[in-house]
Structures are given as structure tokens and as C-alpha cells.
Amino acid sequence: MHTGRYARPQSVCHRRHRPPGGPVSRTSGTTPDSRTALRVCPLCEATCGLTLTIEGTRVTGARGDRDDVFSKGFICPKGASFGAVDGDQDRLRAPLVRKDGELREATWEEAFDAVAAGLRPVVEQYGPHAVGIVLGNPNVHTMAGALYPPVLLTALRTHSLFTASTVDQMPKHVSSGLLYGDANAIPVPDLDHTDHLLLIGANPLESNGSLCTAPDFPGKLKALRARGGTLTVIDPRRTRTAKLADRHVAIRPGTDALLLAAMTYVLFEEKLVDLGDLAPHVQDVDELADAVRDFSPEAASEACDVDADTIRALARELAAAPTAAVYGRIGSCTVPHGTLASWLVDVLNILTGNLDRPGGALFPQAATDKTPRPVGPGRGFALGRWHSRVSGHPEAKGELPLSALAEEIDTATPEGSPVRAVIAIAANPVLSAPNGDRLDKALGSLDFMVSVDPYLNETSRHAHVVLPPPPPSQSAHHDFAFNTLAVRNQVRYNRPAVPLEPGRMAETEILARLVLAASGMHGADPSAVDAMVIDTSLGKAVTEAHSPVHGRDPKELAGRLTGENGAERRLDMMLRLGPYGDGFGARPDGLSLNKLLAHPHGIDLGPLRSRLPQPLKTPSGKIELLPGPIVDDLPRLRDALRERPAAIVLVGRRHLRSNNSWMHNVPALTGGTNRCTLHIHPDDAARLGLADGAAVRVKGAGGEVTAPAEVTDAVRRGVVSLPHGWGHDRPGTRMSHAALDPGVNVNQLLDGSLLDPLSGTAVLNGVPVELALTETSL
């Protein structure tokens with residue numbers, strides 16, 4: 001629970017210095033240069049509005065923006081530490097280019113000359129697929145990360161794309177693609193109005209939410225209970241979220257899909273299925289009933305370690321609630337049946353009539369979404385349009401498994417070239433992907449590598465060129481991705497709070513120049529990239545009958561765009577063409593960049609609303625409840641009913657003051673409970689002779705690590721937990737604070753062979769491990 005300074009601001013210090021109607025204002029600060037500026041926080045998915053205190057060009061404080069239309073003043077420890085993150089002295093301030101084996105500071109011209117000289121020969125000799133693109137989680141937190149990587153992929157035409165999605169949420173994209181025909185049509189729980197919320201594998205009190213953008217998620221859960229609603233949490237750990245729940249079910253890790261399938265069975269068996277208004281939009285209901293006939297609560301109980309009566313009660317309570325929503329996250333995605341679990345989350349929402357209705361799970365509509373297309377059948381969603389070269393993994397949503405990156409670099413095959421060059425943008429896969437040691441060596445063998453990263457970290461230390469973006473305060477901000485997942489429709493935009501420092505380059509320009517260098521256009525004006533996207537987009541829009549600019553002159557439309565740079569002009573275009581846009585004058589009251597700039601705290605676009613059948617893009621034009629790839633994978637789930645559990649399995653965990661491997665270099669966000677310890681149940685500790693603080697060797701298929709034991713009944717028996725994102729002990733990095741307490745890389749315990757076959761997502765939870773006491777002193 002958030003209390004004190006991290007809750008909704010109540011103290012005097014949170015009420016002072018409110019900007020009087022504009023994004024920047026002078027205040028009675030400590031120096032004549034003191035002022036405030038508004039900024040949406042880019043440090044997690046909650047996207048809370050901040051009011052920054054700035055002295056000169058330095059951010060000296062951050063508090064919640066009470067007038068923000070979405071977050072209304074809420075702030076968490078990460079947001080409160082914005083200034084420390086922004087001003088980290090270990091952030092790179094100039095490009096690095098490898099010369100004589102060492103990375104040395106260089107000019108921007110030298111850096112991009114080196115990029116062009118390193119990438120183009122690889123493309124020309126071995127083809128585009130020999131260039132791997134690796135995109136990390138921070139890309140979805142920046143404008144540049146949303147706007148330019150798609151252009152880079154189009155320009156290179158490589159199939160070698162690897163992203164953080166396949167160690168996180170890809171199962172949800174795949175299940176949504178199969179159900180609705182659109183991998184990005186992800187319904188989110190209507191937190192403000194639901195009567196019953198069932199969370200599985202989710203811990204929003206510490207993650208702030210994921211694939212569900214909701215400032216003050218903890219407050220929303222408390223409000224749910226205060227209005228008489230019910231919160232159920234299914235998780236092998238008694239997390240902070242589980243402690244808040246009316247019911248906590250400590251499931252055996254990795255069996256989420258079995259429990260959800262058993263709940264589905266109960267809905268059919270007890271005639272609790274009620275599609276309500278969804279009925280005209282759903283097919284294959286009877287076929288689904290037949291498909292889950294083997295998954296009775298009695299059959300699933302032993303595997304899940306949840307008694308059959310509890311499973312039946314979960315299903316009955318869900319069906320009986322006036323409104324309800326099931327929400328699953330990373331704990332139910334990064335398991336052997338992650339796509340089936342994600343599919344069954346939506347199946348339960350559909351069968352109880354709670355999809356696409358207030359209080360249930362609804363499809364958000366972002367201001368920069370495409371112009372809504374006419375209702376009707378679409379092309380649908382396809383898997384496996386190409387496969388990885390070594391292990392033959394099918395692509396999902398255009399991506400190959402991040403777990404396969406190392407073998408795609410270090411393994412030769414008779415056909416096709418290995419990946420010989422890598423473009424890593426805001427990515428640290430040495431820590432985030434399985435078997436970091438192998439990937440570490442593989443990256444060191446590349447012909448060429450370029451990293452866009454503010455730090456010299458465990459991955460970027462291998463680069464031949466490092467291109468550092470400026471800190472967040474010096475960048476504009478709009479949430480393209482997270483507004484498509486927000487629990488309330490709204491739109492916000494911030495220009496940079498602080499001018500770009502001399503010698504720095506805007507991240508938008510860095511990525512535009514990278515597109516040019518990689519595509520053989522090195523030296524061209526970077527504005528050409530944005531102009532090309534605008535021309536292409538408007539040229540297409542004027543040909544679409546449902547577009548508000550159908551039949552108009554694209555050059556005339558381009559001339560009407562406003563903005564200080566290409567990225568702003570693209571944002572203006574997307575807003576004007578979007579579902580709330582002004583249509584370049586066709587809808588005078590609609591959105592545009594100028595209108596958004598006139599509302600510095602954002603524009604509220606209203607609560608989520610029912611949208612079916614408009615979001616559906618399946619060939620049938622309906623929700624295809626039992627898609628072929630799901631049918632083909634169900635026998636594997638049936639086999640899991642008979643699998644014998646390992647004695648000890650590993651699960652991950654997150655912390656409120658962390659976000660993957662990003663923030664361990666910020667003193668204010670480390671220490672205390674944010675430590676890399678091995679959580680182990682007292683009974684397991686006693687059986688193995690482990691005392692609190694003892695050095696424990698943890699061994700998995702990919703290797704072993706040694707971590708201090710933290711004996712706690714917050715994990716169930718037979719389960720141990722290590723946090724993700726640690727392991728800052730490799731030479732050649734420049735993260736001085738993180739190196740003081742490096743922790744261990746939990747993903748080194750994995751060899752990368754365990755994947756959810758439909759999505760290519762790494763199995764990170766429920767992994768068998770062995771424990772042993774060591775003589776090592778920690």
C-alpha cells in the first residue's frame with residue numbers, strides 16, 4: 001500500500017507551486033532560476049503526471065500533478081526519484097566508438113559514420129536477416145522508441161527481430177490476435193466500476209500494473225473493496241496485492257492455465273455460461289465446452305495444488321457477480337502454457353458476459369489509434385510466417401524469441417547466415433534473456449554492434465558504437481503504447497522540461513539518423529525520415545473511404561501539420577486522423593497537437609465504453625473462441641494434468657522501486673527491501689538446513705548463482721523467488737552504484753530451451769532448481 005509521500009498528495013509540500021494554467025511556471029524556489037514543469041512519468045506503465053521542480057537545467061524535485069486528468073496527483077517512489085534518475089552522473093553524455101578495442105568518446109558525426117561503415121557491409125554481403133534488431137522495454141516509454149523502430153524494420157526488411165515482449169507479454173498478444181484478429185486488441189479491467197476482480201499472476205501494488213495502465217492501482221483496489229466489491233488474487237507468493245485480497249489462492253507455479261481451464265469447465269457443467277449482449281459476436285461456444293471436458297476441478301486439483309471446492313467457488317463467484325473482470329499478467333504469461341492461460345483469461349470474461357461491458361474488461365481507444373475501420377471481417381492474425389534459423393521457432397507478431405538470440409548469433413547452419421550485426425535499442429538482454437553468459441559471449445563475437453543506450457551496461461559494453469539519448473527531462477513525451485491499455489481514455493503531451501544540453505542529440509534525431517545509416521542513406525537530412533512517414537501515411541489515408549480525409553490532397557494536408565519538429569508533426573497527424581481527431585478540419589471540435597498543447601494537464605476523453613464489434617478483425621468478423629492453434633496446443637495442457645511437480649521451483653518477483661535492470665544505479669531506489677535475496681519458506685529452509693542470510697547456491701539448467709537466503713512465509717512451500725534485473729558484476733560497465741551491490745542474474749539459471757511454443761515466450765516461472773548451502777560469505 002502507498003502511504004505518506006507516495007500516496008495521493010495531502011501535505012503542504014504537495015500543494016505548493018502548482019503551475020497556473022501552463023506547463024511551465026516560475027515559483028518561489030530557492031534560486032531565481034527555480035521553476036516548475038509538467039511531465040508524465042516515463043519510469044513505469046502507470047504514466048502518472050508529475051510536477052518537476054527545476055533549478056537552472058537540473059531537476060531538483062518531483063511531486064504528483066494534482067491537476068493531471070488521469071493520475072490526479074498520485075506518485076510512487078520511482079516518480080518521486082525522477083530527478084535522481086534524470087541526473088545520474090553515470091549517464092553517457094557523448095557517443096562512444098570502439099577504437100583499438102576500446103570504447104572512446106567521439107563526435108556524433110564520427111559515431112554515425114562508424115554505424116554506416118559497420119552495418120551496410122553486413123547487409124550487402126549477408127542480406128538483411130543477418131542484422132538483428134533488439135528492442136528493450138524502455139522503448140515503450142519514449143516517443144522516439146514508438147515512432148522510429150518500425151521505420152527501421154521497414155527500411156532493413158530483416159526478420160531477425162527480438163524484443164522484451166518474449167520475456168514478458170507476448171502470450172497476451174498472441175491470444176488476442178487469435179481471438180479478435182488483432183494482436184494489439186487487449187481488453188483491460190474496468191477497475192473503477194467492477195464488482196469482482198480476479199487477478200492471476202499479477203502484483204500491481206508493486207509493479208504499478210502492466211498491460212493495464214492505471215495510476216494509483218492500489219487506490220483503485222481499495223476503492224473496489226470499499227464499495228463492497230471482491231478482490232481475488234491467485235499467486236504462489238503472498239504479495240502485497242495478495243495481502244489486500246478477500247481471497248488469496250496460493251497456486252503451484254506454472255499451472256495457471258489448468259486452474260483457468262477447470263473454472264471454464266465449471267461454467268459449462270453448472271450452466272453458468274451467460275454471454276449476454278456478446279452472444280451475436282461469439283462463435284464456437286459449444287466446441288469450447290467439448291474442448292475443456294477433461295479439465296474438471298477434480299482432475300486439475302492435484303496439479304494446481306488447489307482443492308476442487310476452491311476452484312468451483314472461484315468459478316461460481318465470478319459468474320454470480322453483477323460485473324466482473326479477470327486479469328492475468330506476467331506470472332501467468334512466462335510459464336509453459338502462457339498463451340493458453342492468456343486465452344483462458346479472456347474466455348472467462350467472455351463466457352460470463354463481462355467482455356466489452358462497463359465493470360468488466362473493455363477495449364481502450366487511444367487518441368492516436370488509427371481511424372476506426374468499418375465493422376466487418378478482417379484479415380485475422382497469423383503465426384509462423386517465418387521461423388528462426390537454428391531451432392525453427394515460429395515468429396509471433398513479427399518477432400522471434402529473445403531466448404533464441406544467442407544461438408542465432410553463435411550457431412552455423414547449412415542455410416542462411418547467422419546474425420552478424422546487432423542494433424540494440426534500450427535493451428539489456430544479457431540480464432533480461434535466459435542464459436546471459438552465452439549471450440554475453442555471442443555478442444562479443446559479432447562483426448558489428450550498435451547500442452542506443454544512456455548507460456554502458458552489461459549489453460552495451462559489447463557495442464562498437466554507443467549512441468546515448470538525453471535524460472527524460474530533455475525529451476518530449478507522449479504515451480503511444482500505454483494509452484491503448486489505459487483504464488480511462490485520455491491524452492497528454494509534454495514538450496521537453498529542460499532544453500537539450502550542448503553536445504547532446506535528441507533521441508528522435510538519433511533514431512532517425514540510425515534509420516538512414518542502416519538503410520544506405522547515411523548523410524541525408526534526418527527530417528527526411530519523418531517526411532517520408534507523413535507522406536506515406538497521408539497518401540494512404542486519402543484513399544480509404546472511411547477516413548475523414550478521403551479524397552483530399554495529401555500535400556495540402558501535410559502543409560497543415562503543426563509542430564516544432566518531425567516527431568511533433570507525426571503526432572499531430574496521428575491525432576487528427578485518430579478516433580477523436582479534427583480530421584484536418586472535418587471535425588472542428590476534434591483533437592490536434594495545438595489543442596493538446598493548450599491543455600497541459602491533458603484532455604479527458606471519458607470512461608471506457610463498449611466497442612464491439614468494431615475492434616474485431618477476424619476472418620469471421622466474430623470472436624473466434626476456439627482458434628486452431630489453441631486447439632492444437634490443448635493436448636499439451638492435458639498432459640500437464642499428469643505431470644509430477646519438482647521438489648523446488650523458482651519464480652521471479654518485482655519491486656516497487658525498480659523496473660527490470662533500469663534503476664539499480666539510483667541510490668534512492670535501492671537498498672531496504674529492494675535487495676537481491678532468495679525468498680524461501682521456513683519449512684524448506686529448515687529441511688535444507690538454511691538460516692536467514694545464509695549463502696545459497698541455486699542451480700538450474702543454464703547455470704548456477706549464489707544468493708543470500710531470506711526466510712519468509714510470503715512464498716509457499718516448494719517455491720523460491722529471486723528478483724529480475726540484477727547481476728551488475730560484469731567488467732567494462734559504467735554503473736558505479738549498481739556495481740556496489742550487484743546481485744545475481746536470475747536468468748542465468750535458464751538455458752533458454754523452455755518456451756511457450758505458441759508465443760516463443762521464455763518460461764521464467766515454475767522452473768525446477770536445486771538448492772545447496774555454500775561456504776561462501778555474502
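Trainee: Leaving aside its neighbours within four places in sequence, which residues is aspartate 756 in contact with?

Mentor: Keep in mind that this is a predicted model. Once neighbours within four places in sequence are left out, aspartate 756 is in contact with Pro171, Val335, Pro336, His337, Gly338, Thr339, Asp633, Arg636, Thr761 and Val763.

Trainee: Where does aspartate 756 lie, and is aspartate 756 buried or exposed?

Mentor: Aspartate 756 lies in strand β27, residues 755-756. Aspartate 756 counts as buried because its relative accessibility is 0%, and the cut-off for buried is under 20%.

Trainee: Asp633 and Arg636 are both on that contact list. What do arginine 636 and aspartate 633 form with each other?

Mentor: The general idea first: side chains of opposite charge can pair when their charged atoms come close. Here, arginine 636 and aspartate 633 form a salt bridge, with 2.8 Å between the closest N and O atoms. Both lie in helix α25 (residues 628-640), three residues apart, which is about one turn of the helix.

Trainee: How do arginine 636 and aspartate 633 count in terms of accessibility?

Mentor: Aspartate 633 has 6% relative accessibility, so it counts as buried. Arginine 636 has 26%, so it counts as partly exposed.

Trainee: Which parts of the chain does the salt bridge between aspartate 440 and arginine 730 tie together?

Mentor: The closest N and O atoms of aspartate 440 and arginine 730 are 3.0 Å apart. Aspartate 440 sits in helix α19 (residues 436-444) and arginine 730 in the loop between β26 (719-721) and α27 (736-740), so the pair ties together parts 290 residues apart in sequence. Both aspartate 440 and arginine 730 are buried.

Trainee: What about arginine 717 and aspartate 683: how far apart are N and O in their salt bridge?

Mentor: That one is 2.5 Å, N to O. The pair links distant parts of the chain, 34 residues apart: arginine 717 is in the loop between β25 (703-711) and β26, and aspartate 683 is in helix α26 (residues 682-688). Arginine 717 is exposed, with a relative accessible area of 53%, while aspartate 683 is partly exposed at 39%.

Trainee: Which residues are linked in a network of salt bridges?

Mentor: Look at Glu269, Glu270, Glu298, Arg312 and Arg316, which are linked in such a network.

Trainee: And how many salt bridges does the structure hold?

Mentor: The structure holds 41 salt bridges, including the one between aspartate 440 and arginine 730.

Definitions and conventions: Residues numbered from 1 in each chain as written. Predicted model: local features only at pLDDT ≥ 70, side-chain atom pairs only at ≥ 80, totals over all residues. Heavy atoms only, no water. Salt bridge = Lys/Arg side-chain N within 4 Å of Asp/Glu carboxyl O. Helix = DSSP H or I, 4+ residues; strand = E, 2+ residues; numbered from the N terminus. Buried < 20%, exposed > 50% of the residue type's maximum accessible area, 1.4 Å probe, protein only. Contact = heavy atoms within 4.5 Å.
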